[in-house]
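Take a look at the model below. The walk-through starts with charged pairs and then turns to helices.

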Amino acid sequence: MSDAIVIGAGPNGLVAANLLADAGWTVRVLEAQQTPGGAVRSDRAVHPDYVSDLFSSFYPLAAASPVMARLALDHEGLRWSHAPAVLAHPLTDGRCAVLHRDRDTTAKTLEEFGRGDGQAWLDLCDTWDRVGQDLLGTLFAPLPPIRAGAALALRLRCAGALRLARTMVLPVRRLGEEEFTGDGGRLLLAGNALHADLAPEAAGSGGFGWMMSMLGQTVGFPVPVGGASEITAALVHRLERHGGTLRCGQGVSEVIVRGGRAVGVRTTGGEEMTARRAVLADVSAPDLYRRLVGPEHLPARVFEDLRRFQWDYATFKVDWALSAPIPWSAPEAAGAGTVHLADGVDDLTLFAAQIAMGRVPERPFLLLGQMTTADRTRSPEGTESAWAYTHVPHRVRGDAGGAGLTGAWDEAEQKIMADRVEGRVERYAPGFRDRIRARRVLAPPTLEAADVNLHGGAINGGTTNLHQQAAFRPFPGTGRPETPVTGLYLASASAHPGGGVHGAPGANAARAALRRHTTRRVFSTAQRTLATRNRGGRRTTR
C-alpha cells in the first residue's frame with residue numbers, strides 16, 4: 001500500500017510524484033506505455049544515427065518554471081543547450097525576423113522591417129522586466145494566486161494593472177498593429193501565439209504571444225542535451241532516489257471510490273492497488289471522468305460540462321533525418337532552433353480559419369525544429385535532425401488543398417499531408433527534399449496511440465482560449481485540481497494552467513493533496529487538545 005498513486009508518468013505526473021516523495025509520502029506511479037515521459041520522449045526510430053523527439057522539443061516554460069527550478073534536475077544530470085538564435089521567421093522575399101537572446105540584436109533585426117520597431121521591441125522587453133516574474137508566478141500558482149497576484153498588483157498599481165490586463169487579452173493581430181509598423185515584430189508575436197491554438201484574432205492571443213516571445217528573449221528556447229527523454233530520465237531518477245516507484249506497461253482501468261473517497265485504482269490487468277491518502281491523475285479531464293471514475297460518483301453537472309469541453313487543434317508532425325542542414329533562402333534562419341513558416345499574419349489567419357471550418361489547411365503554418373543546430377549531440381556532424389508540425393481539424397469536413405483529405409489518416413492520406421508539409425518547407429528552402437535521408441510521419445491517431453492524453457493529436461490537454469482557462473479549466477469552477485471525489489486530484493494539462501512542460505498542474509495537485517492532509521492533521525490535533533482540556537476541566541469541577 002502506498003500513500004499516493006499517480007496515474008501517468010508524463011511530466012506532470014512525475015513532478016507530482018516527486019513533490020509528494022519530498023514530503024515523505026510513499027508514492028507509486030503507474031504508466032500504461034512501456035516507457036515513461038508522456039509527451040516528453042525521444043528515440044532513434046527515424047534513423048539509428050539521429051535522435052528525434054517524438055512530441056515536445058523546446059522548453060522555455062521549463063526553463064522559466066519555479067516548479068522545475070525547485071526540483072534542481074541538474075543534480076540528476078540534466079543539461080541544457082541553445083541554438084545560436086532562438087527563433088526565426090523567414091519570408092519568401094528573403095527577409096527574416098530573428099529573435100535572439102540578446103535583446104539589442106533582436107531589436108536590430110526588427111528595425112529593418114519598420115522604423116522604430118526596434119525600440120518598440122525593447123519597450124516590450126522593459127515591461128516584461130518589470131512584471132514578468134510576478135506574472136509567471138501568478139500563472140503557475142494554484143488558483144486563487146493570492147501571494148503572486150498581490151505582488152503583481154503592488155508592482156503595477158491601479159492604472160498599470162489595467163493596461164497590462166488589456167495587453168493580455170488583446171488579439172495578437174491588434175497587439176502587433178499597435179506596437180509595430182513592419183511585419184517582423186508582428187510575425188514573432190503571432191507565430192508564438194500559435195504555439196497554442198490561438199488564432200491572430202482570438203482574445204488573449206496577444207498576451208500569450210508576448211509571453212512566449214519574452215521567454216524566448218530572456219531564457220531562450222532550450223533543449224535537453226541528448227533528447228527530450230533526458231528530462232524524463234532526470235525526473236524518474238530523482239523520484240527513485242527519494243523512494244518513489246514507477247511501473248511501466250501498467251494501465252489503469254478504474255479509480256476505486258468508496259464512501260465518496262478515492263481509495264486506490266484497478267489496473268487493466270485486474271490488480272487492485274490501495275492508496276492511503278490520495279490518487280493523482282495525470283490524464284485528460286474527459287478520460288478521468290468518462291472512463292476512470294464511475295458516473296455514480298459524480299454530480300450530473302460534470303457530464304454537462306464535459307459535453308462543452310473543447311480540445312485544442314489536432315496535430316500532424318513529420319520527423320526527418322537530413323544529410324545536411326536545411327538550405328534556407330534567408331540565411332539568418334540557419335542559426336535558429338525554432339523556425340516559423342507562414343507568409344504573413346494574414347496567412348496565419350487563413351490557416352486558423354480553415355481549421356475552424358473543418359478544412360485541412362491548404363498552406364499549413366509550420367513550426368519547425370532544427371535540433372542538431374540546437375544540440376550537436378542529436379546527429380552526426382554536418383547533418384540535421386529536424387521536424388515540423390502543423391495543425392489540422394479534429395473533424396475534417398473538407399480539404400482546402402484540393403487533394404481530397406478526409407481525416408481518415410490512413411497511409412495514403414499521411415503521405416499526401418507529409419508531402420504538403422515538405423512542399424511548404426521547400427518553398428522557403430529550395431533543395432530541402434534532396435537532403436531527406438529518412439522520415440517518420442506522426443498523424444493525429446499515431447500521436448494518440450503513443451500517448452492517450454494526446455486525444456486526436458491535441459497536445460495541450462484542451463484549448464488555450466480564454467473560455468477554458470483559469471477558473472474555467474477544465475470547466476467552470478474553481479480552476480483547482482480537486483475533483484468532486486475526495487482524495488482524487490486532476491494533475492494533467494487539462495487542469496490550470498494548462499499545456500506546456502512546466503510541471504504546474506502536477507505541482508498544484510500534489511500541494512492540494514498535501515494541504516488536505518496537513519489541515520486534517522492540524523484539525524485532529526486541535527480536537528484532541530480540546531478534548532483533553534475539557535476532560536481536565538470536568539475533573540477540576542468535581
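Glu 304 forms a salt bridge with Arg 307, with the closest N and O atoms 2.7 Å apart. A salt bridge here is a side-chain nitrogen of Lys or Arg within 4 Å of a carboxyl oxygen of Asp or Glu. This is a predicted model: local features need pLDDT of at least 70, side-chain atom pairs count only at pLDDT 80 or more, and totals for chains, interfaces and linings use all residues. Residues are numbered from 1 along each chain as its sequence is written, and side-chain values use heavy atoms, leaving out hydrogens and water.

Glu 304 and Arg 307 are about one helical turn apart, because they sit three residues apart in helix H12 (residues 300–308). Helices (H or I, at least four residues) and strands (E, at least two) are DSSP runs, numbered from the N terminus. Arg 307 is exposed at 55% relative accessibility. Buried means under 20% relative accessible area, exposed over 50%, and partly exposed in between (1.4 Å probe, protein chains only).

The structure holds 34 salt bridges. Another pair is Arg 266 with Glu 254, whose closest N and O atoms are 2.4 Å apart. Arg 266 lies in strand E11 (residues 261–267) and Glu 254 in strand E10 (residues 252–258), so the pair ties together parts 12 residues apart in sequence.

Now helix H13. Its buried residues include Leu 348, Phe 351 and Ile 355. The buried residues of H13 pack against elements including helix H7 (172–179) and helix H15 (411–428), where contact means heavy atoms within 4.5 Å. Gly 358 follows H13, with a positive phi near 80 degrees.
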